[in-house]
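Subject: Structure handover

Hello,

Here is the structure to go with your sequence. Please open it alongside this note. My findings follow below.

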Amino acid sequence: MLKIGIIVGSTRPGRNASAVAQWVNDIAIKRTDVDFELVDIADYDLPLLDEPYPPAMAQYTKDHTKIWAKKINTLDGFVFVTPEYNHSVSAALKNAIDFIYAEWNNKAAGFVSYGSASGTRAVEHLRQIMAELQVADVRAQVMLSLFTDFENFSEFKPDARHEESVNAMLDQVIAWSGALKTLR
Ligand SMILES: Cc1cc2nc3c(=O)[nH]c(=O)nc-3n(C[C@H](O)[C@H](O)[C@H](O)COP(=O)(O)O)c2cc1C
């Protein structure tokens, strides 16, 4: 069975990312054809990149890198839950992405974003990053507004219509994850 990781893209204390990722997971696990796993980068205690070799050389020296690589290696595709920080992704998410390389390759990714402009600029950056990682980014995307899907910018109350967009995005991630598995 395919396994899709729902990557929690913020490590900030009091982050909105936890509630958003949990909501995505609750919708996703209604499907019985695919396994989903919440992958919280905060659980991996990654420092700022401290590997001596570029990750594409696959010579990981640190235990935290090996543990992170092992987790991402078990996944066939990804849903990145990302806030927008200064029109891009959080430094914590970019750092976690940068740590490893081959474990991302030939897999698919979809995006759930939030922010004052629904996190769309962060996702545009992520799509460029995905290209370098040889990850196929799907078109369907879930865009949550800090103004209308959160109360006081902090209590997550998503509009009901977003459930449909989560499922549309998951349909594409699942299809492409299955197709790309044949390449690996
Ligand atoms: C460092 C920083 C930069 C931010 N920059 C933006 C921004 O450029 N655009 C935007 O819409 N929101 C921005 N925000 C607001 C965040 O999108 C919002 O606080 C969101 O809840 C952060 O995600 P988190 O709570 O999961 O960490 C920024 C927040 C922080 C902490």
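Start with Trp104. Trp104 sits in the loop between helix 3 and strand 4. Helices here are DSSP runs of H or I with at least four residues, strands are DSSP runs of E with at least two, and both are numbered from the N terminus. Trp104 is buried, with 21 other C-beta atoms within 10 Å. The cut-offs are these: buried takes 20 or more other C-beta atoms within 10 Å of the residue's own, exposed takes 12 or fewer, partly exposed is in between, and the C-beta atoms are placed from the backbone. Leaving out residues up to four places away in sequence, Trp104 touches Ile72, Leu133, Gln134 and Val135. A contact means that two C-beta atoms, placed from the backbone, lie within 7 Å. Asn73 is 31 residues from Trp104 along the chain, and their C-alpha atoms are 7.3 Å apart.

Two notes on the source. This is a predicted model: local features need pLDDT of at least 70, side-chain atom pairs count only at pLDDT 80 or more, and totals for chains, interfaces and linings use all residues. Residues are numbered from 1 along each chain as its sequence is written.

The overall fold

The chain has 5 helices and 7 strands. From the N terminus, their order is β-α-β-α-β-α-β-α-β-β-β-α. The C-alpha atoms fill a box of roughly 45 × 35 × 25 Å along the principal axes. The radius of gyration is 16 Å, which agrees with the value near 16 Å for a compact globule of 184 residues. That radius is taken over C-alpha atoms, and the globule rule is 2.2 Å times the number of residues to the power 0.38. Of the 184 residues, 39% count as buried. Take the contacts in the chain with a separation of 6 or more: residues 24 or more positions apart account for 79% of them.

Over residues 3–147 the chain is 30% helix and 27% strand. The end C-alpha atoms of that stretch are 33 Å apart.

The ligand shell

What surrounds the ligand? There are 13 residues around it, and the closest are Ser10, Ala17, Pro83, Gly115 and Ser116. By class, the shell has 4 nonpolar, 6 polar and 3 charged residues. Nonpolar covers Ala, Val, Leu, Ile, Met, Phe, Trp, Tyr, Cys and Pro; charged covers Asp, Glu, Lys and Arg; the others, Gly among them, are polar.

Ala17 lies in helix 1. Ala17 counts as buried because 25 C-beta neighbours lie inside 10 Å. Beyond four places in sequence, Ala17 is in contact with Val8, Gly9, Ser10, Val81 and Pro83.

Helix 5

Helix 5 covers residues 162–181, 20 residues in total. From first C-alpha to last, helix 5 reaches 28 Å, close to the 28 Å expected at 1.5 Å a residue. The expected span is 1.5 Å times one less than the number of residues. Buried in helix 5 are Val166, Met169, Leu170, Val173, Ile174, Trp176 and Ser177. Those buried residues pack against strand 1 (3–8), helix 1 (17–28), strand 3 (77–83), strand 4 (107–115) and strand 5 (135–145). Glu163 is also in helix 5. Glu163 is partly exposed, with 16 other C-beta atoms within 10 Å. Ala28 is 135 residues from Glu163 along the chain, with their C-alpha atoms separated by 9.7 Å.

Loops to look at

Most residues other than glycine have a negative phi. His87 has a positive phi of about 65 degrees. His87 is in the loop between strand 3 and helix 3 (91–98), and is partly exposed, with 13 other C-beta atoms within 10 Å. Phe153 also has a positive phi, near 60 degrees. Phe153 is in the loop between strand 6 (150–151) and strand 7 (155–156). Phe153 is exposed, with 11 other C-beta atoms within 10 Å.

Pro47 is in the loop between strand 2 (35–40) and helix 2 (63–73). Pro47 is exposed, with 10 other C-beta atoms within 10 Å. Pro47 and Asn95 are 48 residues apart in sequence, and their C-alpha atoms are 8.4 Å apart.

Best wishes

Key. A residue is near a molecule or strand if its C-beta atom, placed from the backbone, lies within 6 Å of it.
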